[in-house]
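Colleague: Hi! I'm new to this one, could you walk me through it?
Modeller: Happy to, let me put it up on the screen.

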Amino acid sequence: TWPDATAPVIRRILAVPDAGSTVNGDILPAVLPVRNSGSGRYTCAALRANGKIGIGVELVDPANGGGTRLGIYRVRTFLDNTEVFKLQMDRFLMENRFNEALSYYPFPVGQDGGPFLLQWRWPGNDCEMFNQTKSDGWIDVPERAAEIRIEVADFAENKATLIIPLQPDSAEVKPPV
């Protein structure tokens with residue numbers, strides 16, 4: 001047992017539009033900074049989207065004193081109060097180690113590319129930690145304002161929560177170039 005009384009830190013989020021969808025009026029992914037509201041609570045600016053979107057989270061779990069980084073144990077993503085995805089690292093099978101590349105967003109975004117831990121499951125990813133929910137994690141943006149909530153916990157159950165206001169964007173989707 002490692003002594004750990006420090007909550008995970010959420011740094012930024014990544015919102016990725018599926019084909020035919022947009023995020024903040026664009027067909028490209030958007031990186032949003034988050035604000036620490038204290039006591040493990042984080043917020044960010046409203047996200048405008050339509051269609052289907054995927055969320056990635058840049059986070060760390062500092063050890064007591066901050067000199068070492070520990071691992072995240074569980075990340076849960078909710079649309080309003082419905083869980084749409086859960087990643088839980090109870091064990092990692094070595095035969096699935098090549099799927100590790102499927103855990104993080106593989107493309108550079110913004111000035112600093114990440115890493116963004118995915119809150120969706122790519123097709124073919126059979127890692128047990130990514131198969132905690134029947135949903136693949138892609139979020140169908142509702143036609144009304146909603147809230148995405150991301151709950152992060154380490155093995156010692158120190159927690160952080162991020163609230164993302166989600167606004168439907170009715171702008172016409174332009175076909176990709």
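Colleague: Which residues touch the most other members of the largest nonpolar core?
Modeller: They are Leu47, Ile53, Ile55, Ile148 and Ile150, out of the 35 residues in that core. Keep in mind that this is a predicted model.

Colleague: And which strands each supply at least two residues of this core?
Modeller: Those are S1, S3 (30-33), S6 (47-50), S7, S9, S10, S13 and S14 (159-168).

Colleague: Let's zoom in on isoleucine 148. What does it touch?
Modeller: Leaving aside residues up to four places away in sequence, isoleucine 148 touches Ile53, Ile55, Thr77, Phe78, Leu79, Ile139, Leu162, Ile163, Ile164 and Leu166.
Modeller: There is also another core lying apart from the largest one, and it has eight residues, among them Leu14, Tyr105, Phe116 and Trp120.

Colleague: OK, new topic: charges. How many salt bridges does the structure hold?
Modeller: Seven. One of them joins the side chains of glutamate 58 and arginine 12, at 2.5 Å from N to O.

Colleague: Why does that pair tie together parts that are apart in sequence?
Modeller: Glutamate 58 sits in strand S7 (residues 52-62) and arginine 12 in strand S1 (residues 9-17), so the pair links parts that are 46 residues apart in sequence.

Colleague: Are glutamate 58 and arginine 12 buried or exposed?
Modeller: Both glutamate 58 and arginine 12 are buried.

Colleague: What about arginine 144, which side chain does it meet in a salt bridge?
Modeller: Arginine 144 meets aspartate 80, at 3.0 Å from N to O. Arginine 144 is in the loop between strands S12 (139-140) and S13 (146-154), while aspartate 80 is in the loop between strands S9 (72-79) and S10 (82-88), so this pair ties together parts that are 64 residues apart in sequence.

Colleague: And what is the relative accessible area of arginine 144?
Modeller: Arginine 144 has 46%, so it is partly exposed. Aspartate 80 is partly exposed too, with 24% relative accessible area.

Colleague: Which residue does arginine 149 pair with?
Modeller: Its side chain forms a salt bridge with that of glutamate 151, at 2.9 Å from N to O. Arginine 149 is buried, with a relative accessible area of 15%, whereas glutamate 151 counts as partly exposed at 25%.

Colleague: Last one: which residues are linked in a network of salt bridges?
Modeller: That network links Arg74, Glu157 and Lys159.

How values were computed. Residues numbered from 1 in each chain as written. Predicted model: local features only at pLDDT ≥ 70, side-chain atom pairs only at ≥ 80, totals over all residues. Heavy atoms only, no water. Salt bridge = Lys/Arg side-chain N within 4 Å of Asp/Glu carboxyl O. Helix = DSSP H or I, 4+ residues; strand = E, 2+ residues; numbered from the N terminus. Buried < 20%, exposed > 50% of the residue type's maximum accessible area, 1.4 Å probe, protein only. Core = buried A, V, L, I, M, F, W, Y, C linked by side-chain atoms within 4.5 Å. Contact = heavy atoms within 4.5 Å.
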